[in-house]
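Subject: Structure handover

Dear colleague,

Here is the structure I promised to pass on to you, and below it you will find my notes on what turned up when I went through it. Please read them with the model open beside you.

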Amino acid sequence: MKPLEPLQIQSLLNQFHLRPRKGLGQNFLMDEAILSAIAEKAGITETSSVLEIGLRVRQSDPPSAPCAARVTAVELTKE
C-alpha cells in the first residue's frame, strides 16, 4: 500500500477534527526526506530497535525509521 501524500493526511486530519496538542509537543511529520535524515543522524540501521513516541499517520511501513529492524510505537492520547 502506498503512503498517504501530505495533502491527503491534512484532509483526513481536518475531516476528523484532529489537531496537534501543543501542550503534548505533538506535530505531524509528513516529509519522508526529513524522516530519513532523522534516522540517519540518530544512527538507526537495519539492526536497530526504535521506540516511537506517538504514532505517525501512514498507511504502510512501520512508524519511524524505515530502515529499523524493529519499531515499538506508543500512543498516549485517545484520539
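Gln10 counts as partly exposed, because its relative accessible area is 34%, and this residue belongs to helix H1, which covers residues 6–15. Although Gln10 and Phe28 are separated by 18 residues in sequence, their C-alpha atoms lie 9.3 Å apart in space.

Please keep in mind that this is a predicted model. The protein chain has an average pLDDT of 75, and 75% of the residues reach a score of at least 70. Among the elements of the chain, the lowest mean pLDDT, 82, belongs to H1, while the highest, 86, belongs to S1. Over residues 59–63, however, the pLDDT falls below 50, although in the model this stretch still has 13 contacts beyond near neighbours in sequence.

The phi angle of His17 is near 55 degrees, which is a positive value in a residue other than glycine. For background, most residues other than glycine have a negative phi.

Further along, Ser48 sits in the loop between helix H2 (32–41) and S1. Is Ser48 buried or exposed? With a relative accessible area of 16%, Ser48 is buried, since the cut-off for that word is under 20%. If its neighbours within four places in sequence are left aside, Ser48 is in contact with Gly43, Ala68, Ala69 and Arg70.

The strands come next. S1 pairs with strand S2 (residues 70–74) in the parallel sense, over five bridges, and within this pairing Leu51 has Thr72 of S2 as its bridge partner. As a general point, the side chains of a regular strand alternate between the two faces of the sheet. In S1, Val50 and Glu52 make up the covered face, whereas Ser49, Leu51 and Ile53 make up the uncovered one.

Ile53, which lies in S1 (residues 49–53), counts as exposed because its relative accessibility is 64%, and the cut-off for exposed is over 50%.

With best wishes

Terms used:
Residues numbered from 1 in each chain as written. Predicted model: local features only at pLDDT ≥ 70, side-chain atom pairs only at ≥ 80, totals over all residues. Heavy atoms only, no water. Helix = DSSP H or I, 4+ residues; strand = E, 2+ residues; numbered from the N terminus. Buried < 20%, exposed > 50% of the residue type's maximum accessible area, 1.4 Å probe, protein only. pLDDT = per-residue confidence, 0-100. Contact = heavy atoms within 4.5 Å. Pairing = 2+ DSSP bridges.
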